[in-house]
Amino acid sequence: MKCENYKEDFIHSYCRRKRGHDYYSPCRYHIILKKQPGFERFGRIVGDANIPPGNVGAAEMEWNKYGKAINHALFNLSHQFPFLKVYQHMVMPDHVHIFLQVKERSEKHLGYYIGQLKGNIAKNISSQDKREILGEEIFQPNYTDKIIYWGRDFDIIYQYIRENPHRLAMRIQYPEFFKRIDEIKIGDKTYSIYGNHFLLQNPFKSQVVIHRRNSVEENEKLEYEWLRIAEGGGVLVSPFISMAEKRIRDLAEKEGGKFILIQSEPFSELFKPAKHNFDLCSDGKLLIIAPNEAWSGSFREVCLEMNKLAEEISGRDFRTSSSHG
């Protein structure tokens with residue numbers, strides 16, 4: 001598989017594997033399969049976004065025949081390959097989340113089994129449509145994976161995947177929710193926020209900061225990992241100050257990345273982002289965070305404060321926080 005070669009892999013989108021990781025060994029993964037743009041959606045969101053997930057009437061997926069075929073293949077995956085365990089999955093209208101464990105060392109690369117899963121889905125759909133449909137007609141080439149290390153909280157990943165319909169329902173039913181200023185308390189300080197609040201709850205947040213002391217090779221490795229995170233549905237957190245950091249954001253945007261942008265000045269009374277950022281907020285791909293009082297000090301000191309906040313946000317679980325205003 002071409003993705004296993006770091007130097008070649010670096011220039012190919014949607015095909016980045018964790019450098020140095022053994023994809024034959026026991027491990028847990030969050031995997032995303034993305035629908036081909038020309039293929040029909042897998043279903044639609046129904047229910048009320050105001051009702052908390054897990055309750056009667058809450059937002060959920062109503063699958064069509066394609067969504068049902070995917071769901072069926074996922075339930076049967078562990079029967080075909082007993083060393084694979086699917087803890088949780090969610091078939092969304094245009095992508096599929098899978099929380100998967102490889103329980104014992106496998107004979108083949110993880111990519112082989114994901115390919116088999118796509119093939120099974122294609123067979124299920126072909127039998128229903130009574131025509132041959134190939135996996136590459138349904139899904140974009142390859143897949144994204146995020147390694148879930150054993151120290152991570154199992155429930156955070158499980159609930160994040162389960163609650164995908166709720167977050168999408170909020171975007172569909174209440175678009176104004178992403179176009180207003182609210183507040184959040186982080187530590188002992190209160191900040192203003194504008195955009196997609198749910199990005200704070202994403203379990204795959206990563207701070208983007210590039211130090212002058214870094215070597216070219218170190219920066220290349222960092223860029224590779226940040227783009228992996230962006231492709232895999234994670235969130236990049238940064239004030240994106242330097243040209244190198246801005247470049248990371250530009251590249252990640254091309255991959256459909258999501259961002260938490262920290263700015264140094266408080267929001268004005270009638271704040272509205274510039275068109276590009278406004279569109280990203282409306283699409284659910286951006287959250288802007290600003291201090292309620294401007295940071296004081298030199299430019300370097302302000303940058304350090306912003307990067308300190310980015311680090312705190314990246315390492316914090318906001319799912320259990322009740323600090324939203």
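This is a predicted model: local features need pLDDT of at least 70, side-chain atom pairs count only at pLDDT 80 or more; totals for chains, interfaces and linings use all residues.

User: How do you know which residues of α2 and α3 make the contact?

Analyst: The cut-off is heavy atoms within 4.5 Å. On the α2 side that picks out K65, Y66, A69, I70, H72, A73, L74, L77 and Q80. On the α3 side you get Q116, L117, N120, I121, N124, I125, Q128 and D129. Sorted by class, this contact has nine nonpolar, six polar and two charged residues. Lys and Asp both count as charged, so K65 and D129 go in that group.

User: And α7 with α8: what are the angle and the handedness there?

Analyst: Those two pack at about 35°, with axes 9 Å apart, and their crossing is right-handed. E223, W226, L227 and A230 in α7 meet R247, I248, L251 and A252 in α8.

User: What makes up that α7 and α8 contact, class by class?

Analyst: Six of the residues are nonpolar, none are polar and two are charged. Glu and Arg count as charged, so E223 and R247 are the charged ones here.

User: On to the pockets. What lines the largest pocket?

Analyst: There are 32 lining residues, and D94, H95, R171, K258 and K285 lie nearest the centre of the pocket. The space inside comes to about 860 Å³. To count as lining, a residue needs an atom within 4 Å of a pocket point. β1 (27-34), β5 (95-102), α6 (164-173) and α7 (216-231) each supply at least two residues, and α6 gives the most, with four.

User: How does the lining of the largest pocket divide by class?

Analyst: Nine nonpolar, twelve polar and eleven charged. Asp, Lys and Arg count as charged, so D94, R171, K258 and K285 belong to the charged class.

User: Which residues lie nearest the centre of the second largest pocket?

Analyst: I210, H211, R212, C303 and N307, out of 15 lining residues. This pocket has a volume of about 500 Å³. α8 (243-254) and α10 (299-314) each supply at least two lining residues, with α10 giving the most, five. By class, the lining has seven nonpolar, four polar and four charged residues.

User: Last one: what is there to say about phi of N142 and F240?

Analyst: Phi of N142 is near 70°, a positive value in a residue other than glycine. N142 sits in the loop between α4 (135-138) and β6 (144-148). F240 has a positive phi too, near 50°, and is likewise not a glycine; its place is in the loop between β10 (235-238) and α8.

Key. Residues are numbered from 1 along each chain as its sequence is written. Side-chain values use heavy atoms; hydrogens and water are left out. On a 1 Å grid over the protein atoms alone, a cavity is a set of points where a 1.4 Å probe fits but cannot get out, and a pocket is an open set with protein on both sides within 12 Å along at least five of seven lines; lining residues have an atom within 4 Å of a point. Grid points are joined across faces, edges and corners, and a volume is the space filled by probe spheres set on the points. Axes are lines fitted to C-alpha atoms, for helices over the stretch in contact, and angles run from 0 to 180 degrees between N-to-C directions. A crossing is left-handed if the near helix is turned anticlockwise from the far one by less than a right angle, and right-handed if clockwise.
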